[in-house]
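Here are some friendly notes to read alongside the model. Please keep the structure open as you go through the points.

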Amino acid sequence: MDAAFTIGRHRVYRLEEWQGGFSPPEALFAEYEEAAFDQQAGDFEPAFFRDGLIYGYLQSWLIDTGSERIIVDTGAGNDKDRPGIPIFGQLTTPFLDGLAAAGFGPGDIDKVFCTHLHIDHVGWNTEWRDGGWQPTFPKARYYFPRADEEAWNPAKALYATLAGAGVNANVFEDSVQPVIDAGLAELIDDGATIAPGMTAWNSPGHTPGHMVLEVESDGETALFTGDILHHPMQISRPDWNSVYCEDRIAAADTRRRILHRASAKGARIVPAHFGAPHSVFVERRDDGTFEPRYR
Ligand SMILES: [Zn+2]
């Protein structure tokens, strides 16, 4: 498998787990306006919009620095019981074959970074082995945002207040706790260094502890933005949140901030769910709005 793109000296591979029509736009965007969406719908087809449905992906990103392999987000995982979101339950995808196609096995992964602890970002943290959920990447350090551990751990008080608690049922128990129990987890705060030139920044709103990973190498920058953007519609309308965003005001503020940073730095934005070409640059127009640039 060829690298999807490079960041300076780093090669980045896209590991696809799932693709499909996810939901009608009015069911994904909390601030949906039909006329505004329809105006751009033609541009979104077919990569981002098909047959009346938002078209999306579950994909992980593998950064190979030459000396370290780092996976960003780990999809939904196989064999997991997901009563809150059946479309991603009991999957049996060949996700690890994709890793092999890039030239690596689970034992070659040095680090795993989860932008947040939602169901579709932590799944391959573990797999079912020997009668239990075991870390899929046995030699890796797993980096989780501390504020998301506080939020999504059902044993803690905040969990009951989250709108997404039902959708995230079982997720902490089968995909996060086993990693902590194995001693492989590190809970991180704003500004944490994951590797040389790789910094995790707080980007709250979608979840309380959501983090963006900024990667710099040889003067090039990429921002691995998790669920700050689900769809390019949110580049022209940063005020549009997904219905899965916990704090809509904070999420929209974060989205604007990240778009500003990406345009100012000429950074590649690498979201978790974008259709082809799966990552995007943005340009800030004179009137302060943003425009996607695919290259
Ligand atoms: Zn997601």
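1. Let me start with the second largest cavity. Trp61, Val72, Asp73, Thr115, Phe224, Thr225, Gly226, Val270, Pro271 and Ala272 form its lining. Two or more of these residues come from each of β14 and β15, and β14 contributes the most, with 3 residues. Strands here are DSSP runs (E, at least two residues) and helices likewise (H or I, at least four), numbered from the N terminus. A cavity, on a 1 Å grid over the protein atoms alone, is a set of points where a 1.4 Å probe fits but cannot get out, and lining residues have an atom within 4 Å of a point.

2. A word on provenance. This is a predicted model, where local features need pLDDT of at least 70 and side-chain atom pairs count only at pLDDT 80 or more, while totals for chains, interfaces and linings use all residues. Residues are numbered from 1 along each chain as its sequence is written, and side-chain values use heavy atoms, with hydrogens and water left out.

3. The volume of that second largest cavity is about 30 Å³, a volume being the space filled by probe spheres set on grid points joined across faces, edges and corners. Its lining divides into 6 nonpolar, 3 polar and 1 charged residues. For these classes, Ala, Val, Leu, Ile, Met, Phe, Trp, Tyr, Cys and Pro are nonpolar, Asp, Glu, Lys and Arg are charged, and the others, Gly among them, are polar.

4. The largest cavity has a volume of about 40 Å³. Among the residues lining this cavity are Ser203, His206, Asp227, Cys245 and Arg255. The count of cavities of 30 Å³ or more is 2.

5. Do look at the zinc ion. Its protein donors are Asp120 (OD), His121 (NE2), Asp227 (OD) and His273 (NE2), lying 2.1 Å from the ion. Donors are N, O and S atoms within 2.8 Å of the metal (3.2 Å for Na, K and Ca); water is not among the atoms, so sites may look incomplete. Along the chain the donors follow the spacing D-H-x105-D-x45-H. Asp227, in the loop between β14 (220-226) and α7 (233-236), and His273, in the loop between β15 (268-271) and β16 (281-284), are 46 residues apart and link distant parts of the chain.

6. Why is the arrangement around the zinc ion irregular? The 4 donor atoms subtend angles of 83 to 157 degrees. Four donors are tetrahedral if all angles lie between 85 and 135 degrees; four are square planar and six octahedral if opposite donors are over 155 degrees apart and all others between 65 and 115; anything else is irregular.

7. Asp227 has a relative accessible area of 1% and is buried, as is His273 at 8%. Buried means under 20% relative accessible area, exposed over 50%, and partly exposed in between (1.4 Å probe, protein chains only).

8. Two backbone details deserve a look. The peptide bond from Glu45 to Pro46 is cis, with omega near -5 degrees, and another cis bond joins Ala276 and Pro277, with omega about 5 degrees. Pro277 sits in the loop between β15 and β16.

9. Finally, Asp51 has a positive phi of about 50 degrees although it is not a glycine. This residue lies in the loop between β3 and β4 and, at 76% relative accessibility, counts as exposed.

How values were computed:
1 Å grid on protein atoms, 1.4 Å probe; cavity = no way out; pocket = protein on both sides within 12 Å on 5 of 7 lines; lining within 4 Å.
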